Amino acid sequence: MCMPSSHPRRLRAKDTTDTMGLLLKLIVASLGIFLALYFYTGQDDFNPEMLRGKRVIVTGASSGIGEQMAYHLARMGAHVFITARTEEKLKKVVSKCLELGAATAHYIPGSMDDMAFAERVVKEAVKSMGGLDFLILNHIGYTYFNYFDGNVDHIRKLLEINLLSYVTMTVTALPMLKESGGSIIVVSSVAGKYGSPFSVPYSTTKFALDGFFSSLRQEFHFQKTNVSITLCVLSYIDTDSAKNAVASVINAPAAPKEECALALIKGGALRQREVYYQYQAAKIPLLLRDWAPDFLDYIVRKNYNVEKIDKQ
Ligand SMILES: NC(=O)C1=CN([C@@H]2O[C@H](COP(=O)(O)OP(=O)(O)OC[C@H]3O[C@@H](n4cnc5c(N)ncnc54)[C@H](OP(=O)(O)O)[C@@H]3O)[C@@H](O)[C@H]2O)C=CC1
Ligand SMILES: C[C@H](CCC(=O)O)[C@H]1CC[C@H]2[C@@H]3C(=O)C[C@@H]4C[C@H](O)CC[C@]4(C)[C@H]3CC[C@]12C
């Protein structure tokens, strides 16, 4: 005898209701997480007074984002100590800082491929400002924007400038930063969080920064070291060097360097572990990194006009 079919049908209807319920719960939970993240990251308790009288080193401050950070700090009444290689540019940045209201402003020219120089910058800054509250590590050495050319020496040299000088300055500055309960701001890139074509040597150095500073931060917790580390993850910013390097190849708008510089100072002053600027361009793609890496790679590749590179 055939069983009446109403029972399985009822079961199927129940299954559908359960699945719908689960889906609804998932949607509500995701919305909750999204809103929590949105409001949490939107918090802004920053007050420019936080920087008044603070003693700050900014590297790579003769141009671009570093220069803009120096100007913001000057307006906030900080002591500013800047460095880069080009003395003429540094002189101009220092006089503008004084005009804008810096408590004091000094520079020291030199190249960060020399670790003795990296050490000297910190020592001279501490001598001139009487201590240190913020160490802003921002400089980068010259690199090419093209397919990796196999040059190992270039990677070694770039690691010296973009990574080892950061480590050297951190080691030298740490006693003073411990004394002041200070902060380290490390300027990195989305290219230090996910694979980026045509920037292989550069991207290598930026991933390494994350490894060093994120691990050091963990040790600071164990050691109760009251020094914050803020890793800044930037998308494409409209500095002259970035535009000159990539404008014809990148299909994405560049964000303003002035606003970017302020976001980095705020994040450092608030002792945030990471700053993403611009948030949508730098943070949202990262949500895909661990769960849909091939999709992320595909989206990233879409930003590049690869024919322009091939024709060069
Ligand atoms: N612009 C962008 O799209 C993005 C930038 N970033 C990051 O932001 C930071 C600033 O970049 P941006 O402002 O664009 O770069 P810029 O090229 O404008 O500035 C780089 C600075 O580093 C200095 N510098 C270069 N070589 C050396 C060296 N050998 N020793 C010491 N200083 C050196 C330069 O001055 P001088 O030549 O006088 O030495 C300059 O002051 C970097 O860490 C970069 O990785 C991250 C993502 C995107
Ligand atoms: C256009 C890229 C963002 C699109 C993406 O989703 O991948 C930019 C992300 C990182 C940029 C590079 C960078 O980190 C800074 C370098 C700094 C130099 O001044 C020259 C340019 C950069 C290679 C820069 C180029 C644009 C990005 C790849």
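Asp290 is exposed, with a relative accessible area of 58%, where exposed denotes over 50% relative accessible area, buried under 20%, and partly exposed the range in between (1.4 Å probe, protein chains only). Its partner in a salt bridge is Arg289, with 3.6 Å between the closest N and O atoms; a salt bridge requires a side-chain nitrogen of Lys or Arg within 4 Å of a carboxyl oxygen of Asp or Glu. Arg289 is partly exposed, at 30% relative accessible area.

The structure is a predicted model, in which local features need pLDDT of at least 70 and side-chain atom pairs count only at pLDDT 80 or more, while totals for chains, interfaces and linings use all residues. Residues are numbered from 1 along each chain as its sequence is written, chains are lettered from A and ligands numbered from 1 in the order in which they are written, and side-chain values use heavy atoms, with hydrogens and water left out.

**Salt bridges**

The salt-bridge count comes to 10.

| Pair | Closest N to O distance |
|---|---|
| Asp290 and Arg289 | 3.6 Å |
| Glu124 and Lys127 | 4.0 Å |

Glu124 is partly exposed at 30% relative accessibility, whereas Lys127 is exposed at 67%.

Through salt bridges that share partners, Lys193, Asp210 and Glu274 are joined into one network.

**Fold and helix packing**

The chain contains 12 helices and seven strands; these are DSSP runs numbered from the N terminus, helices being H or I of at least four residues and strands E of at least two. Of the 312 residues in the chain, 45% are buried. Among contacts (heavy atoms within 4.5 Å) with a separation of 6 or more, 72% involve residues 24 or more positions apart.

Helix H4 (residues 115-129) packs against helix H5 (residues 152-180) at an angle of about 35°, with the axes 9 Å apart. Axes are lines fitted to C-alpha atoms, for helices over the stretch in contact, and angles run from 0 to 180 degrees between N-to-C directions. The crossing of H4 and H5 is right-handed; in a right-handed crossing the near helix is turned clockwise from the far one by less than a right angle, and in a left-handed one anticlockwise. Residues making the contact include Met115, Ala118 and Val122 of H4 and Leu164, Thr168 and Met169 of H5.

Helix H2 (residues 64-75) and helix H8 (residues 257-269) pack at about 65°, with 8 Å between their axes. H2 and H8 likewise form a right-handed crossing. Among the residues in this contact are Gly64, Ile65 and Met69 of H2, together with Cys260, Ala261 and Leu264 of H8.

**Surface**

The accessible surface of the chain is about 17,100 Å², with 59% belonging to carbon and sulfur atoms; accessible areas come from the Shrake-Rupley method with a 1.4 Å probe, and for residues only the protein chains shown count as cover. Phe295, Tyr298 and Ile299 make a nonpolar surface patch of about 290 Å². Patches consist of residues with over 30% relative accessible area and no salt bridge, with like charges joined within 9 Å and nonpolar side chains (Val, Leu, Ile, Met, Phe, Trp, Tyr) within 5 Å. Phe295 lies in helix H11 (residues 293-302) and is partly exposed, at 47% relative accessibility.
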